[in-house]
Each structure stands twice: as structure tokens, then as C-alpha cells.
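Please look through the sequence and the model before reading on.

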Amino acid sequence: MSKDLKNIVIVGASAAGAGLARALENKLPSTHRIVLIDANEFAFWPISALRAAVVPGWEEKSFKSLQGFFPKGSRHVMLSKTRVVELGNGFVTVEEDGKRREIAFDISVLALGSTYNFPMRALGSTLAQAKQPFIEAQQALKNTQNTTWASSGLGARVSLACFWTSSDGKI
Ligand SMILES: Cc1cc2nc3c(=O)[nH]c(=O)nc-3n(C[C@H](O)[C@H](O)[C@H](O)COP(=O)(O)OP(=O)(O)OC[C@H]3O[C@@H](n4cnc5c(N)ncnc54)[C@H](O)[C@@H]3O)c2cc1C
């Protein structure tokens, strides 16, 4: 990465971080560059997660590869599969493939989200790893018979989705 530009480091490329990067990418002075960093190779859309856990095919709609996030020739940089392991005074330390390096910043934004269990958060850092648990959950539901599901809140959404997708109508 050229050292002539000042970095705006955004950690986390999901709804908040990726949304901010999109909003800024054509508005920054030419002296500044966005360095968008995410531990995963994909962006995950949690809002469709419950549906994706029960309806085959929805796992394809819930992920987007971060490759090509910025158009070719853009001065902005996307670092996917790169985890920030330290926030220092004016720099972050990142780890990629077991190797660490420092990236200096003028401004840093932490858009790290929150921690939830599957399916609200994806498991694994590659697309293939992240889709697999959804496919397994769909299969487990398909094999379920004569089940009464009591729930409230977000669980009610899962129950409804199970009801819609139940092949024998007995869930
Ligand atoms: C079922 C469900 C339904 C929902 N419905 C709604 C709704 O109707 N309306 C609404 O407004 N919201 C809804 N939400 C909430 C909404 O989806 C979340 O608030 C939002 O997606 C959070 O986005 P985020 O970018 O803040 O965090 P996250 O999506 O958690 O993203 C954080 C990102 O940071 C990365 N990251 C974390 N630590 C590091 C690190 N050290 N180094 C590099 N990268 C890192 C992660 O890999 C991740 O990509 C719903 C959520 C669920 C689960």
C-alpha cells in the first residue's frame, strides 16, 4: 500500500462498516484512502439468517463475497480474511494467514458488531465454511417429524419459517 495517502481504517465490513465505506468512498479528499478490514471473506446479512437456517437456497442470499468491494483502480483497499488483533495509538495490528503487520491510520472506525450464536451470526471465515451449517440446519428440519415448537420473539420467526417449510405439515 502506498504511504503517500492517509488511511481511514474501518474495521468490520458488515452493515455498519460496509455501509459507511460505501457512503464515503466518493466523497473523501484525494489525500485519504479507506482501508476496510474484515476477519471474514464475506459480508453476512443477519436479517435473513433465520430464514436461511430453514429454507434451502436462502444461504446463497445471505452472504456476499467481499472480493471486488471497491472497483478496480480505486485507491481504496479491502482487506478480507484479515483480523485486527490490536488497536494502537495511530495504528492497528492485523493478522492474515498467521502473519502480523501494522497499518497506520489518520482516523479509525470500529464497526465490530456484537456476538450472537448461530444462525444470527455466521460460523467460519470462508464462504464455504459459513454456508455449511445453514445447509445442515435445513436438512435437520427436513428430518424432523411430529414436533410442536413453542417460542416467542425471534424464536417465533424461526417457528413460522419451519411451519412454512415443513413437508408433512406436522410442525
Ligand atoms: C434475525 C435478525 C433479524 C434482524 N432484524 C433487523 C431489522 O429488522 N432491522 C434492523 O435494523 N436490524 C435488524 N437486525 C439487527 C441487524 O442485523 C444488526 O444490528 C446489524 O446487522 C449489525 O451490523 P454491524 O455491522 O453493526 O455488525 P455485524 O453484522 O456483527 O458485523 C461486524 C463485522 O465485524 C467483523 N469483525 C469483528 N471483529 C473483527 C476484528 N477483530 N477484525 C476484523 N473484523 C472484525 C465481523 O467479521 C463482522 O463482519 C436483525 C438481526 C437478526 C439476527
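## The ligand and its surroundings

A polar contact is a pair of N or O atoms within 3.5 Å; within protein, one of the two must be able to donate a hydrogen and the other to accept it, and residues adjacent in sequence count only if both atoms are side-chain atoms. The model is a predicted one, in which local features need pLDDT of at least 70 and side-chain atom pairs count only at pLDDT 80 or more, while totals for chains, interfaces and linings use all residues. Residues are numbered from 1 along each chain as its sequence is written, and side-chain values use heavy atoms, with hydrogens and water left out.

Around the ligand there are 22 residues, of which S14, A16, D38, V84 and M120 come nearest; a residue is counted here if one of its heavy atoms lies within 4 Å of the molecule. A polar atom in the side chain of D38 lies 2.7 Å from a ligand oxygen atom, whereas A39 uses a backbone N or O atom, which lies 3.1 Å from a nitrogen atom of the ligand. In R121, an N or O atom of the side chain is 3.3 Å from an oxygen atom of the ligand.

Helices (H or I, at least four residues) and strands (E, at least two) are DSSP runs, numbered from the N terminus. A residue is called buried when its relative accessible area is under 20%, exposed when it is over 50%, and partly exposed in between, using a 1.4 Å probe and protein chains only. In helix 1, which covers residues 15–24, the residues G17, A18 and A21 are buried. Seen down the axis of helix 1, these buried residues fall within an arc of 90 degrees, so they line one face of the helix; the arc is that of the directions from the helix axis to the C-beta atoms. The exposed residues A15 and A16 lie on the face of helix 1 turned away from the buried side. Strand 1 (6–11) and strand 2 (32–37) are among the parts that cover the buried residues of helix 1.

E25 belongs to the loop between helix 1 and strand 2, and with a relative accessible area of 10% this residue is buried. The side chains of E25 and R22 are joined by a polar contact of 2.7 Å. When residues up to four places away in sequence are not counted, E25 touches I34, F70, P71 and H76, where contact means heavy atoms within 4.5 Å.

Two strands are said to pair if DSSP finds at least two bridges between them. Three strands form an open sheet in the order 6-7-8, with antiparallel pairing. Strand 6 (83–87) and strand 8 (99–104) stand at the edges and have a single partner strand each, so one side of each is left without a neighbour in the sheet.

Strand 6 is joined to strand 7 (residues 91–96) by four bridges; V84 has V94 in strand 7 as its bridge partner, and E86 stands opposite T93 in strand 7. Six bridges join strand 7 to strand 8, where I103 is the bridge partner of V92. F91 also has its place in strand 7, and, leaving aside neighbours within four places in sequence, F91 is in contact with E86, E102, I103, A104 and F105.

Strand 6 and strand 7 form a hairpin with three residues between them, and G90 in the turn has a positive phi of about 90 degrees. The hairpin of strand 7 and strand 8 has two residues between the strands, and here D97 takes a positive phi near 50 degrees. D97 is exposed, with a relative accessible area of 71%.

K81, in the loop between strand 5 (77–79) and strand 6, also has a phi near 50 degrees, a positive value in a residue other than glycine. K81 is partly exposed, with a relative accessible area of 35%. A further backbone feature is the cis peptide bond that joins F118 and P119, with omega about 5 degrees; P119 is found in the loop between strand 9 (107–110) and helix 4 (127–142).
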